[in-house]
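Below is a walk through one protein model, taken in steps.

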Amino acid sequence: MSIPATMRALRQTSLDGPAGLRLVTDAPVPAPGPGEVLVRVTAAGVNYADISQSRGTYADGPRPPYLAGIEAAGEVVALGEGATGPQPGAHVVGVAITGGAFAEYAALPAAGAVPVPAGWADEQALGLVVNWPTALAALRPLGGVTAGQTVLIHAAAGGTGEAAVRMAKHYGATVIAAASPGKHEAVRALGADHVVDSRGAGIAAEVLRLTGGAGADLVLESAGGAAFGASLAAAKRVTGRVVVYGLPGGEAAVSNWDLVYKHQVQVIGLNIGVLIRAAPHVFGEVMAEMSALLAAGVLGPGRPTAHELAEGPRALAELEARATAGKLALLP
Ligand SMILES: NC(=O)c1ccc[n+]([C@@H]2O[C@H](COP(=O)([O-])OP(=O)(O)OC[C@H]3O[C@@H](n4cnc5c(N)ncnc54)[C@H](OP(=O)(O)O)[C@@H]3O)[C@@H](O)[C@H]2O)c1
């Protein structure tokens with residue numbers, strides 16, 4: 001297969017969020033670097049991280065102008081020096097954390113490129129390397145969920161949240177799902193036992209009411225802003241865990257005074273990229289468990305809502321505006 005010199009891609013031109021994304025037709029096709037594979041992208045995954053990068057709030061994120069998108073699935077067409085693992089012709093899904101996935105070709109680290117499961121279309125594997133391992137890490141090795149426990153899941157209708165709801169139910173937990181009102185039916189269909197309005201001020205009170213005043217054993221905190229305080233207040237005293245992995249609502253503080261006198265709960269930070277690098281044994285456990293969940297049909301094949309690449313700016317604007325449910329894909 002001949003690889004062209006230039007390609008279509010979405011370029012982030014400013015820190016004005018999705019409004020700063022531009023479709024370009026003359027982006028250079030990247031050469032795979034050492035340890036990388038070049039992939040002909042058939043589907044790129046949209047993540048909230050794309051919004052954070054486009055606003056400049058993602059720690060150490062790329063600075064404009066850059067080619068956007070961190071998750072790509074497609075066919076391996078070339079190998080960089082020393083790349084081992086997937087060979088040309090293989091279909092993989094992987095992460096390009098500094099961008100470049102919203103394009104016809106993307107360079108991905110070979111070591112993190114996961115084969116698309118047999119029988120799945122590439123776009124059905126989106127989620128496999130970002131959303132699902134994050135949700136699983138939050139629930140199990142970090143959150144320690146067990147059967148009979150109650151879990152509050154923020155952004156439960158989203159790409160990460162929907163996987164979390166499915167897995168928490170599989171593990172025998174009672175799920176309280178927080179979502180915008182228009183998405184309540186969607187989270188019920190995923191198996192959530194109770195649904196609370198993520199835009200309301202009554203999340204903590206509702207969780208306490210549903211748990212007889214005890215609070216949730218585990219909170220998957222990916223909302224930030226005022227919801228962070230609600231998560232702390234909704235967690236069970238002493239044994240309750242709050243796993244914090246997202247902040248679309250903005251930064252929020254918790255002080256040592258709060259932890260001693262107000263919220264005697266366990267606050268745990270999660271960044272899946274850091275987990276992969278700093279605790280590879282934990283990530284190995286997560287991926288092994290995920291294989292079992294895939295085999296059992298708990299997860300996947302994913303069913304993302306797909307948009308043409310040119311529609312990317314609008315799709316990302318809708319994600320930022322909380323107007324989407326489930327995983328989004330861009331097709332170059
Ligand atoms: N730390 C990590 O390694 C890691 C990895 C993957 C994902 N994440 C985080 O997990 C979260 C979900 O990511 P995703 O890609 O799956 O996105 P998503 O859940 O599909 O979309 C984000 C959702 O967050 C909810 N939300 C709550 N408060 C919000 C606010 N103030 N502004 C905008 N949205 C708000 C919205 O749902 P409702 O309107 O229904 O409330 C929105 O639909 C994000 O916070 C993301 O940063 C973190």
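The largest cavity is lined by Q12, L21, D50, Q53, S54, Y66, A68, G69 and L316. The model is a predicted one. Helix α1 (residues 48-55) supplies three residues, the largest share of the lining of this cavity. Sorted by class, the lining of the largest cavity has four nonpolar, four polar and one charged residues. The volume of the largest cavity is about 30 Å³, and a search of the whole structure finds one cavity of 30 Å³ or more. Rolling a probe the size of a water molecule over the atoms shows where empty space is left.

Next comes an open space. The second largest pocket has a volume of about 310 Å³. It is lined by 17 residues, and the closest to its centre are E162, R166, P301, G302 and R303. Helix α3 (residues 159-170) gives three residues, the largest share of the lining of the second largest pocket. Nine nonpolar, four polar and four charged residues make up the lining of this pocket by class.

Two aromatic pairs are found in a search of the whole structure. In one of them, the ring centres of W120 and W132 are 6.3 Å apart and the planes stand at 70°, so this pair is edge-to-face; planes over 60 degrees apart count as such. The pair links distant parts of the chain, twelve residues apart: W120 is in the loop between β8 (114-115) and α2 (131-139), and W132 is in helix α2.

W257 and Y261 form a tilted aromatic pair, with 5.4 Å from centre to centre and 45° between the planes. These two residues are four apart in helix α7 (residues 256-262), so about one helical turn separates W257 and Y261. W257 is exposed, with a relative accessible area of 52%, and Y261 counts as exposed at 58% relative accessibility.

One more contact involves a ring and a charge. The charged end of R140 sits over the ring of Y171, at 3.9 Å from the ring centre.

How values were computed:
Residues numbered from 1 in each chain as written. Predicted model: local features only at pLDDT ≥ 70, side-chain atom pairs only at ≥ 80, totals over all residues. Heavy atoms only, no water. 1 Å grid on protein atoms, 1.4 Å probe; cavity = no way out; pocket = protein on both sides within 12 Å on 5 of 7 lines; lining within 4 Å. Points joined across faces, edges and corners; volume = space filled by probe spheres on them. Nonpolar A, V, L, I, M, F, W, Y, C, P; charged D, E, K, R; others polar. Phe/Tyr/Trp six-rings, centres within 6.5 Å; stacked < 30°, edge-to-face > 60°. Buried < 20%, exposed > 50% of the residue type's maximum accessible area, 1.4 Å probe, protein only. Lys NZ or Arg CZ within 6 Å of the ring centre and 35° of its normal.
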